[in-house]
Amino acid sequence: MSDAPHLALIRRVYESRMAPDVTKEVMAPDLVWDITPGFPNSGVYHGWDSVAKDFFGTSMPNIASFGAVPEEFYAADDGHVFVFGHYHAETKSGDKADVRFIHLWTVRDGKAVSMRQAADSHVLQEALKG
């Protein structure tokens with residue numbers, strides 16, 4: 001059975017490892033990116049440019065490598081896609097963390113319009129302390 005279009009779109013984001021050409025094509029101009037309180041640089045970001053600059057741009061200076069590894073995808077008929085997985089991070093000081101997450105995506109008119117994240121922020125915060 002093939003993926004529903006909204007599920008295929010979100011799978012593509014993870015499979016590309018958020019490649020710039022994919023994010024430019026997939027993310028809606030009015031994207032809302034909601035990061036759970038307690039996570040580094042948590043907050044609500046509006047538009048992919050803000051996500052890239054204000055969330056990832058300020059989060060990555062202390063991190064040597066970071067990736068979101070999806071484990072399970074679930075799609076609802078209304079354009080929502082749930083992704084269970086984990087982040088794998090290694091800090092520049094060599095500390096490692098595997099952090100469980102759930103992402104709730106909303107897709108409308110072939111574009112990702114929102115991503116809401118819940119994650120075990122304590123594990124990552126501890127790794128960042130060194």
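Which residues is threonine 106 in contact with, leaving aside its neighbours within four places in sequence? They are Gly79, His80, Lys111, Ala112, Val113 and Ser114. Contact means heavy atoms within 4.5 Å.

## Basis of the model

This is a predicted model: local features need pLDDT of at least 70, side-chain atom pairs count only at pLDDT 80 or more, and totals for chains, interfaces and linings use all residues. Residues are numbered from 1 along each chain as its sequence is written, and side-chain values use heavy atoms, with hydrogens and water left out.

## Strand residues and their contacts

Threonine 106 lies in strand β5. Strands (E, at least two residues) and helices (H or I, at least four) are DSSP runs, numbered from the N terminus. Threonine 106 has a relative accessible area of 13%, so it is buried. Buried means under 20% relative accessible area, exposed over 50%, and partly exposed in between (1.4 Å probe, protein chains only).

Strand β4 holds threonine 91. Threonine 91 is buried, at 5% relative accessible area. Not counting residues up to four places away in sequence, threonine 91 touches Asn62, Ile63, Ala64, Ala127 and Leu128.

Residues up to four places away in sequence aside, histidine 86 touches Gly67, Ala68, Val69, Glu71, Asp98, Val99, Arg100 and Phe101. Alanine 97 is eleven residues from histidine 86 along the chain, with 9.6 Å between their C-alpha atoms.

## Salt bridges

How many salt bridges does the structure hold? It holds two. A salt bridge is a side-chain nitrogen of Lys or Arg within 4 Å of a carboxyl oxygen of Asp or Glu.

One joins the side chains of arginine 12 and glutamate 25, at 3.1 Å from N to O. Arginine 12 lies in helix α1 (residues 5-15) and glutamate 25 in helix α2 (residues 20-26), so the pair ties together parts that are 13 residues apart in sequence. Arginine 12 is partly exposed at 30% relative accessible area. Glutamate 25 is partly exposed too, at 44%.

Glutamate 126 forms a salt bridge with lysine 129, with the closest N and O atoms 3.0 Å apart. Both residues lie in helix α4 (residues 121-129). They are three residues apart, about one turn of the helix. Glutamate 126 is partly exposed, at 36% relative accessible area. Lysine 129 has 64% relative accessibility, so it counts as exposed.

## Aromatic rings

A search of the whole structure finds twelve aromatic pairs. Rings of Phe, Tyr and Trp (its six-membered ring) pair if their centres lie within 6.5 Å. Planes under 30 degrees apart count as stacked, over 60 as edge-to-face and the rest as tilted.

Arginine 11 lies over the face of phenylalanine 73, at 4.4 Å from the ring centre. A charge sits over a ring if NZ of Lys or CZ of Arg is within 6 Å of the ring centre and within 35 degrees of the ring normal.

## Positive phi in two loops

Most residues other than glycine have a negative phi. Asparagine 41 has a positive phi, near 60 degrees. Asparagine 41 sits in the loop between β1 (27-35) and β2 (43-46). Its relative accessible area is 30%, which makes it partly exposed.

Aspartate 109 is not a glycine either, yet its phi is positive at about 55 degrees. The loop between β5 (96-108) and β6 (111-119) holds aspartate 109. Aspartate 109 is exposed, with 77% relative accessible area.

## A nonpolar surface patch

Tyr74, Phe82 and Phe84 form a nonpolar patch on the surface. Together they have about 260 Å² of accessible area. Patches are made of residues with over 30% relative accessible area and no salt bridge: like charges are joined within 9 Å, nonpolar side chains (Val, Leu, Ile, Met, Phe, Trp, Tyr) within 5 Å. Accessible areas come from the Shrake-Rupley method with a 1.4 Å probe; for residues, only the protein chains shown count as cover.

Tyrosine 74 lies in strand β3 (residues 63-75). Tyrosine 74 counts as partly exposed, at 39% relative accessibility.
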